[in-house]
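Dear colleague,

I am handing over the structure that we spoke about, and the notes that follow it are meant to be read with the model open beside them. Please go through them slowly and keep the definitions at hand.

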Amino acid sequence: MTMQSSLDIVARSATTTPSPSVRQSVEVAKLIDESKCIGCKACQVACSQWNEISDDMGTNVGVYDNPSDLTDKSWTLMRFTEVEENGSLEWLIRKDGCMHCADPGCLKACPAPGAIVQYANGIVDFKQENCIGCGNCVTGCPFDIPRISKKDNKAYKCTLCSDRVSVGLEPACVKTCPTGAITFGKKEDMVSYGNTRAGELKERGFKHAALYNPAGVGGTHVMYVLKHGDKTEQYAGLPSNPSISPMVSLWKGALKPLAVLGMVGAVVAGFMHYMKVGPVEAKDEEKESA
Amino acid sequence: MSKTTDLRRYDDNTRMNHWVIALLFFAAALSGLAFFHPSMFFFTNLFGGGVWTRILHPYFGVFMCLSFVGLYVGLHRDNVITPEDKAWLEKAGQMLKGDKAGMPPVGKYNAGQKIVFWLMTGSLVVLLLTGLLFWHAWFPDFPIWARRAGVLLHAVSAVVLVLTVIMHIYAAIWVKGTVRAMTRGTVTQAWAKTNHPLWHKEMTADK
């Protein structure tokens with residue numbers, strides 16, 4: 001994985017110079033069509049199987065979500081919501097996991113060089129060998145995705161099967177989905193297919209069906225087709241217009257270099273002041289200063 | 001009154017307390033700056049790598065704050081801002097230009113030193129409280145918005161503290177004869193008369 005991917009890094013955490021990026025690749029995307037999802041959780045199983053991670057046995061919390069939340073060992077999760085739409089009960093099922101933002105908040109917030117990278121194909125990947133376990137990626141993410149392992153204090157999340165994609169395979173969840181609700185391909189193809197699907201749903205009476213590819217994070221490389229695109233929040237809190245918190249972006253953007261400049265400037269100013277004005281010496285009539 | 005005996009400015013406990021804080025400050029500042037900007041990530045090499053730096057930094061900080069309590073208890077009364085400090089501050093610009101003649105006489109601490117004291121106190125309080133918000137080894141359950149605010153305020157107050165310490169150290173280098181107050185505990189009478197005439201009067205009055 002590292003071999004194939006090492007020449008096409010477009011963004012690297014805590015790095016101020018360009019990363020190796022001569023290799024060009026096509027932007028990819030995963031499209032999750034919520035209207036076709038039957039909630040079978042095969043994607044969760046495939047994720048677990050391919051990545052060789054088995055989550056701990058949980059407890060039933062009274063809903064279908066199992067486990068009850070994303071964890072360091074569960075990188076994708078079906079979230080079930082019951083809503084009343086048009087006078088009847090509707091079951092909304094959203095496959096939650098990393099959205100692989102074009103403008104990733106986790107990467108922006110991360111202070112460890114190379115712990116988070118973004119490949120030219122759009123995949124945002126955590127490099128655990130560089131992770132220091134500070135948890136800043138959690139504060140950067142607008143979707144509450146990264147989880148810190150209690151075992152090794154490293155951050156984990158969906159890799160979009162970057163290892164599989166780099167050798168021309170689709171992600172494990174896509175491969176396994178029995179209804180074709182998850183598709184994978186070029187980002188532009190997925191956008192166009194997603195819009196087509198949304199159009200079909202509109203014809204079938206879902207007036208607000210839409211493709212979810214939020215501009216606030218520069219678009220995402222995991223997109224949804226939603227039957228109720230106007231009410232994204234009812235899909236287990238999917239933000240309608242996600243963006244990196246200004247507390248993270250402002251600080252990590254303009255303020256940090258300015259503050260560094262200020263601190264270095266203060267030392268230089270002190271030095272120059274001493275050289276210009278000279279020291280303050282004690283005046284003593286009888287004794288010369290020590 | 002004797003002109004040749006030195007004046008005691010700090011007892012040994014205060015001095016050692018000061019230096020413990022100073023050492024912990026440098027440990028906390030260098031380990032924190034490593035995460036502040038990529039240009040300073042190399043400071044992690046001083047602490048055994050990125051992970052060790054992340055583990056150690058909060059402990060440096062907590063122990064620095066705890067040791068500062070000792071200094072605070074001993075010194076805060078002498079640092080209360082008084083109306084006279086305003087006059088001193090108005091003239092501070094002239095002093096920086098090298099003209100000390102017009103400065104109003106000050107007691108144990110001048111207004112600049114008092115401001116340094118309160119900036120340090122304030123920034124340490126903010127650093128401690130906000131640091132706890134995202135010290136997830138001990139406090140993993142704070143909501144994300146609180147951690148975001150915590151990281152931001154922690155960094156801002158760290159900059160305030162670093163700038164204050166730069167000021168503090170520079171003043172000690174600039175005003176000759178000051179450093180020995182912390183290395184020996186005493187200052188010369190001439191130093192006291194020049195820089196803290198009211199304190200000098202107070203210290204020599206009953207002799």
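Two residues are said to be in contact if their C-beta atoms, placed from the backbone, lie within 7 Å. This is a predicted model, in which local features need pLDDT of at least 70 and side-chain atom pairs count only at pLDDT 80 or more, while totals for chains, interfaces and linings use all residues. Residues are numbered from 1 along each chain as its sequence is written, and chains are lettered from A, with ligands numbered from 1, in the order in which they are written.

Where the chains meet, 35 residues of chain B are in contact with 40 residues of chain A. On the side of chain B that touches chain A, at least two residues come from each of α1 (12–36), α2 (50–75), α5 (144–174) and α7 (189–195) of chain B, where helices (H or I, at least four residues) and strands (E, at least two) are DSSP runs, numbered from the N terminus. The largest share of that side, 13 residues, belongs to α5(B). By class, this side of chain B holds 20 nonpolar, eight polar and seven charged residues; here Ala, Val, Leu, Ile, Met, Phe, Trp, Tyr, Cys and Pro count as nonpolar, Asp, Glu, Lys and Arg as charged, and the others, Gly among them, as polar.

Within chain B, helix α3 (residues 83–96) packs against helix α4 (residues 111–133) at an angle of about 100°, with the axes 9 Å apart; axes are lines fitted to C-alpha atoms, for helices over the stretch in contact, and angles run from 0 to 180 degrees between N-to-C directions. The two helices, α3(B) and α4(B), are therefore roughly perpendicular, a term that covers angles of 65 to 115 degrees, whereas those under 35 count as roughly parallel, those over 145 as roughly antiparallel and the rest as oblique. From α3(B), Asp85(B), Trp88(B), Leu89(B) and Ala92(B) meet Ala111(B), Gly112(B) and Lys114(B) in α4(B).

Turning to chain A, Ala181(A) sits in the loop between α6 (172–176) and β9 (182–186). Ala181(A) is buried because 22 other C-beta atoms lie within 10 Å, the cut-offs being 20 or more for buried, 12 or fewer for exposed and anything in between for partly exposed, with C-beta atoms placed from the backbone. Leaving aside neighbours within four places in sequence, Ala181(A) is in contact with Ile32(A), Asp33(A), Lys36(A) and Cys37(A).

With best wishes
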